[in-house]
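Let us walk through this chain one step at a time. Keep the picture in view as you read.

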Amino acid sequence: MGEPANRAGNDSPGDEQRASSDEVAQDSAAGARVFGGQTLLEQIGGVYGMLASAVPIVVFVMVNSVFELVPAIWSALASAAVIAVVRAVRKESLQPAVAGLFGTAIAAFIAYRTGEARGFFLYGIWMSLLYCGIFVISVIVRWPLVGVIWNFLNGSGMGWRKDKPSLHAYDIATLAFAAVFAARFVVQNWLYLENETGMLAVARISMGAPLFGLALIVTIWAVRKANKRMKAMTWQQHESDTEIERRLREKYG
């Protein structure tokens, strides 16, 4: 019993600093990982994927400004398909490309049905409003979506909901994403009503990855805070169990 205590007592300040640094590094890595160890950036295709996601939009607007709506629709679809093929040839993750192709197909269909170029952005506008509502409702019912998704994917359970500071941190992260979706809807819907197709494209691109990055920073903060809280609670529980065991041994031998 005395030996572990002596070892703990002989730890140098440098060892404690290194341990603290290692813990911070682990929390940072944990905050960036998702979906089986991949980072969020990797899940959206990396920097290349973020740039590629803007290609169909740019192609659509440029072709529509020179030709008619139908050639613009087919050009946007073709560009999205080419991106998917390139990723397949390079043996990269197809998830971002397939999602982009699917979204472009829906946007193209709406534009064709409405007969207006601005219809190409209608799907994204209303999906932003839907996502905003879902994220806000999840906070209201005390199941903040960021916390639910993160801990489900990492198999951490839902014990964080019993800790108010952790719950509050995930509330903030969830509301950060809700604010991003709300901003996208307000700005892009206004441009849609003003029939500003070119500015819609600019808003769609500029309010994509940059705002997502800001919300991601808040999410990493929330994950790190919740992880530290849960580690501290687990250690306190361990100490309580150890103390109870010690007292029982002293009482009953």
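Helices here are runs of at least four residues, strands are runs of at least two, and both are numbered from the N terminus. With that in hand, read the chain from its start: the elements run α-α-β-β-α-α-α-α-α-α-α-α-α. That comes to 11 helices and 2 strands. Keep in mind that this is a predicted model.

Now take the chain as a whole. It has 253 residues, and 33% of them count as buried. The chain exposes about 15200 Å². Carbon and sulfur atoms supply 65% of that area. Contacts also tell us how the chain folds back on itself. Take the contacts between residues at least 6 apart in sequence: 65% of them join residues at least 24 apart.

Next, look at a pair of helices. Two packed helices are described by the angle between their axes and the distance between the axes. Helix α5 covers residues 69-89, and helix α6 covers residues 95-114. Their axes lie 9 Å apart, at an angle of about 170°. Angles over 145 degrees count as roughly antiparallel, so α5 is roughly antiparallel to α6. Which residues of α5 and α6 make the contact? From α5 come Leu69, Ile73, Ala76, Leu77, Ala80, Ala81, Ala84 and Arg87. From α6 come Pro96, Ala97, Leu101, Thr104, Ala105, Ala108, Ala111 and Tyr112. By class, this contact has 14 nonpolar residues, 1 polar and 1 charged. An α-helix has 3.6 residues a turn, so residues three or four places apart point the same way.

Step back to helix α4, residues 46-66, and find Val63 there. Is Val63 buried or exposed? Its relative accessibility is 17%. Buried means under 20%, so Val63 counts as buried. What does Val63 touch, leaving aside neighbours within four places in sequence? Its contacts are Glu68, Pro71, Ala72 and Ser75. Trp74 sits 11 residues from Val63 along the chain, and their C-alpha atoms are separated by 9.6 Å.

Turn to the charged pairs. How many salt bridges does a search of the whole structure find? It finds 2. One of them joins the side chains of Arg118 and Glu116, at 2.9 Å from N to O. Arg118 counts as buried, at 17% relative accessibility. Glu116 is partly exposed, with a relative accessible area of 33%.

Asp171 and Arg142 also meet in a salt bridge, at 2.8 Å from N to O. Asp171 lies in helix α9, while Arg142 lies in the loop between α7 (122-140) and α8 (145-153), so the pair ties together parts that are 29 residues apart in sequence. Asp171 is buried, with a relative accessible area of 7%. Arg142 is partly exposed, at 35%.

Stay with Arg142 for a moment. Arg142 has a positive phi of about 65°, although it is not a glycine. Asn195 is another non-glycine residue with a positive phi, about 60°. Asn195 lies in the loop between α9 and α10 (197-206). With a relative accessible area of 47%, Asn195 is partly exposed.

Which residues of α8 are buried? They are Val146, Gly147, Val148, Trp150 and Asn151. After α8 comes Gly155, whose phi is positive, near 65°.

Last stop: helix α9, residues 164-193, where Ser166 has its place. Is Ser166 buried or exposed? Ser166 is buried, because its relative accessible area is 0%. Which residues does Ser166 touch, not counting those up to four places away in sequence? They are Trp160, Ala226, Arg229 and Met230.

Now put the pieces together on the picture. Helix α9 holds Ser166 and also Asp171, the partner of Arg142. Helices α5 and α6 pack at an angle of about 170°. Val63 of helix α4 touches Pro71, Ala72 and Ser75, among other residues.

How values were computed
Residues numbered from 1 in each chain as written. Predicted model: local features only at pLDDT ≥ 70, side-chain atom pairs only at ≥ 80, totals over all residues. Heavy atoms only, no water. Buried < 20%, exposed > 50% of the residue type's maximum accessible area, 1.4 Å probe, protein only. Contact = heavy atoms within 4.5 Å. Salt bridge = Lys/Arg side-chain N within 4 Å of Asp/Glu carboxyl O. Axes fitted to C-alpha atoms, helices over the stretch in contact; angles between N-to-C directions. Parallel < 35°, antiparallel > 145°, perpendicular 65-115°, else oblique. Nonpolar A, V, L, I, M, F, W, Y, C, P; charged D, E, K, R; others polar. Areas by Shrake-Rupley, 256 points an atom, 1.4 Å probe, with all protein chains shown as cover.
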